[in-house]
Amino acid sequence: HLPFFIVIILITLAVNFAPNILAQNMRQDVPMLSGLLSLVLWVLSMLVSLGAIKISLKIIDKKKAEVADLFNDYPKLLNFVVASILYALIVGIGFILLIVPGVIFGIKYHFYSYLIVDKNMGPLEALKKSGDITKGSKWQLFLLGFACGLVNLVGLLALGIGLFITIPVTMLAYAHVYRKLLGTK
């Protein structure tokens, strides 16, 4: 799936970075429009994040993934945005409480986004279910996150080009682990 993932990564980069450069340049000239553009770009970025999870799950499930999958989960966008804000608050408060709780909360609730995409759950339901499915697996999930971070660091050190291989590998690793945590193949 490497050529497909290269296209997905390029689209994601275009959505996340190119318009932000435009918004930065507009800040001085038209600050109100720049703020609105930044908000729209953030929402678009969230939609692409949903799509990337959907694509990863489809590939793990041996289903055909398409570029359109990056953008067609918009009905779940509001749940995803609300859950992402709650997740950020929970993890942020955990980091304020001496860092370790933030790491634990980050691991515990990490799969909320997969549950929204895969099971069409609401924000609170997805966070709660993520906490349930990660019970007893936090050390393994911590090591997975650490290993994925190292793999992506190696990809970055390979002049950044290696990220075109390491990012898909880590995306699929997390989708695979999510499926295992749910007890499905």
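# Working chat: helices, a pocket and loops

User: Why is helix 6 largely enclosed by the rest of the structure?

Analyst: Six of the eight residues of helix 6 are buried, so helix 6 is largely enclosed by the rest of the structure. Buried here means under 20% relative accessible area, exposed means over 50%, and partly exposed is in between, with a 1.4 Å probe and protein chains only. Helices are DSSP runs of H or I with at least four residues, strands are E runs of at least two, and both are numbered from the N terminus.

User: What kind of model is this?

Analyst: This is a predicted model, in which local features need pLDDT of at least 70 and side-chain atom pairs count only at pLDDT 80 or more, while totals for chains, interfaces and linings use all residues. Residues are numbered from 1 along each chain as its sequence is written, and side-chain values use heavy atoms, with hydrogens and water left out.

User: OK, which residues of helix 6 are the buried ones?

Analyst: They are Tyr112, Ser113, Tyr114, Leu115, Ile116 and Val117. Just after helix 6 comes Asn120, with a positive phi of about 55 degrees, and Asn120 sits in the loop between helix 6 and helix 7, which spans 123-133.

User: Which other residue has a positive phi without being a glycine?

Analyst: Lys62 is one of them, with a phi near 60 degrees. Lys62 is placed in the loop between helix 3 and helix 4, and it counts as exposed because its relative accessibility is 77%. For context, most residues other than glycine have a negative phi.

User: And is Asp73 buried or exposed?

Analyst: Asp73 counts as buried, because its relative accessibility is 5%; like Lys62, Asp73 is found in the loop between helix 3 and helix 4. Apart from neighbours within four places in sequence, Asp73 is in contact (heavy atoms within 4.5 Å) with Leu47, Leu50, Lys54 and Val117. Val117 is also one of the buried residues of helix 6.

User: Stepping back, how many helices and strands are there in the chain?

Analyst: The protein chain has nine helices and zero strands, and buried residues make up 38% of its 185 residues. Of the contacts with a separation of 6 or more, 63% are between residues 24 or more positions apart.

User: Now the largest pocket: which residues lie nearest its centre?

Analyst: The largest pocket has a lining of 24 residues, and those nearest its centre are Ser49, Ala52, Ile53, Ile167 and Met171. Two or more lining residues come from each of helix 1 (2-16), helix 3 (31-60), helix 4 (77-96), helix 6 (112-119) and helix 9 (163-182). A pocket is an open set of points on a 1 Å grid over the protein atoms alone, where a 1.4 Å probe fits, with protein on both sides within 12 Å along at least five of seven lines, and lining residues have an atom within 4 Å of a point.

User: Which helix gives the largest share, and what is the lining made of?

Analyst: Helix 3 gives the largest share, with seven residues, and the lining as a whole divides into 14 nonpolar, ten polar and no charged residues. Ala, Val, Leu, Ile, Met, Phe, Trp, Tyr, Cys and Pro count as nonpolar, Asp, Glu, Lys and Arg as charged, and the others as polar.

User: What does Phe95 touch?

Analyst: Leaving out neighbours within four places in sequence, Phe95 is in contact with Gly102 and Val103. Phe95 belongs to helix 4 and is partly exposed, with a relative accessible area of 40%.
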